[in-house]
Amino acid sequence: MTDPVPLGQPLLDYAVITDPFPLYAATDGSLPTTLHIVVSNGGAESVYCREVIFSLPHGDLAQSLVDGDLDGKGSADGWTVEQVTPSTPGLDMALPSGDYEHFRATHTDGKVVEVARSGLTITLKDLTIGRQPGTARVEIRETATKDLGDWPHSVGYTTCALTKFPAPEITARDVYDFRADKPEATVASGGDVHLTWRGPKTLDYKVWYGPGDEPKATVRDLQWSGKITRDTTFYLTYVIGGNTHCLTTTVTVPDPELTALKVTGNLTVGGNADVTGTVEATDDITTHQHFLDPNGTPLRGERR
């Protein structure tokens, strides 16, 4: 990791913020990670910058930060951030040997720009973090000067250390917010219902509902969709440490479709009742209009 000329001191200050924080070594189902690199000028003099390159150690070692296949993409307001390799033409500097992912930041207009005290933030997202806990160092090389007529012969060099903590054990509290996507949790009979929840994508979730309480799905992407015809309570189950845990949510249907109806008290119908099956009652049924037979013909009588 030796450049052809000695490395100088950087003129700018750098800090790296990870999202999520803290940064955990990756496990199966881990989400991509984002790095926000804050570049600022903490001195009293103006600093002009032409190019900054961030080198992220790549591999499956404790000191490796990323372990993807040239994944990740960068962005910054007013700047162009792109992946480069040691053979990329037009670089201001030599890149370190070894296994790295390099991102180069240059001003969008190709100009040399002054980095003000407000600084800038360079974002690298969709990064696959390595699986081994440890400390990785992001290497930073800048082409910058305080005098536009006198550019230094060597690039400024510094590192930012990032710790990859061991992934924490999953607990039942890590699964939550099981709900329907509609706030009122109400759908019409035969309508679509979409359920979502929050939790690790490494768990096998089962969605249960309806007669027989058989699981209707086993999913990992934290969402489920289906249709219902009556008030339904959904059960979300998952296993952690050999124990089964459960969350519930209920969706109501204002016009339910029932396969059978048994009335043991009085039943009052305020509108027409379409009878396509058997209505069984052990007491009076009072209608203010009419029961209709399967052909739509009103049945005579006020009590049936």
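This is a short talk that walks through one predicted protein model.

Okay, hi everyone. Ground rules before the tour: residues are numbered from 1 along each chain as its sequence is written. Since the model is predicted, local features need pLDDT of at least 70, side-chain atom pairs count only at pLDDT 80 or more, and totals for chains, interfaces and linings use all residues, while side-chain values use heavy atoms, with hydrogens and water left out.

Let's start with the overall picture. How many helices and strands does the protein have? The count is 0 helices and 23 strands.

The protein has 304 residues, and 36% of them are buried. Buried here means under 20% relative accessible area, exposed means over 50%, and partly exposed is in between, using a 1.4 Å probe and protein chains only. The protein exposes about 17,400 Å², with carbon and sulfur atoms supplying 49% of that. Those areas come from the Shrake-Rupley method with a 1.4 Å probe, and for residues only the protein chains shown count as cover.

Now contacts, meaning heavy atoms within 4.5 Å. Take the contacts with a separation of 6 or more: 65% of them are between residues 24 or more positions apart.

Let's zoom in on Arg 104. You'll find Arg 104 in strand S6, residues 100-107. Is Arg 104 buried or exposed? Its relative accessible area is 11%, so Arg 104 counts as buried. The side chain of Arg 104 makes a polar contact with the side chain of Glu 82, at 2.7 Å. A polar contact is a pair of N or O atoms within 3.5 Å; within protein, one must be able to donate a hydrogen and the other to accept it, and residues adjacent in sequence count only if both atoms are side-chain atoms. Not counting residues up to four places away in sequence, Arg 104 also touches a run of others, including Glu 51, Val 52, Ile 53, Thr 88 and Pro 89.

Thr 249 is another one to click on. Thr 249 sits in strand S17, residues 243-251, and it counts as buried because its relative accessibility is 13%. Leaving aside neighbours within four places in sequence, its contacts include Phe 178, Arg 179, Ala 180 and Leu 195.

Next, the backbone. Most residues other than glycine have a negative phi, and most peptide bonds are trans. With that in mind, look at the loop between strand S1 (13-19) and strand S2 (33-40), where Pro 20 is. Asp 19 and Pro 20 are joined by a cis peptide bond, with omega about 15 degrees. Pro 22 is in the loop between S1 and S2 as well, and the bond from Phe 21 to Pro 22 is cis, with omega near 0 degrees.

On the phi side, Asp 177 is not a glycine, yet has a positive phi of about 60 degrees. Asp 177 lies in strand S11, residues 176-180, and is partly exposed because its relative accessibility is 31%. Leu 222 has a positive phi too, near 65 degrees. Leu 222 is in the loop between strand S14 (215-219) and strand S15 (223-228), and at 15% relative accessible area Leu 222 is buried.

Back to the S1 to S2 loop for Thr 27. Thr 27 is partly exposed, at 37%. Thr 27 and Arg 131 are 104 residues apart in sequence, but 6.4 Å apart in space, C-alpha to C-alpha.

On a 1 Å grid over the protein atoms alone, a cavity is a set of points where a 1.4 Å probe fits but cannot get out, a pocket is an open set with protein on both sides within 12 Å along at least five of seven lines, and lining residues have an atom within 4 Å of a point. Grid points are joined across faces, edges and corners, and a volume is the space filled by probe spheres set on the points.

The largest pocket holds about 810 Å³. Of its 28 lining residues, the closest to its centre are Thr 27, Gly 29, Ser 30, Leu 31 and Pro 200.

As for cavities, there is 1 of 30 Å³ or more. Among the 10 residues lining the largest cavity, Ala 180, Asp 181, Lys 182, Val 187 and Val 193 lie nearest its centre. Strand S12, residues 191-198, gives the most to that lining, with 3 residues.

That's the tour, thanks.

How values were computed:
Helices (H or I, at least four residues) and strands (E, at least two) are DSSP runs, numbered from the N terminus.
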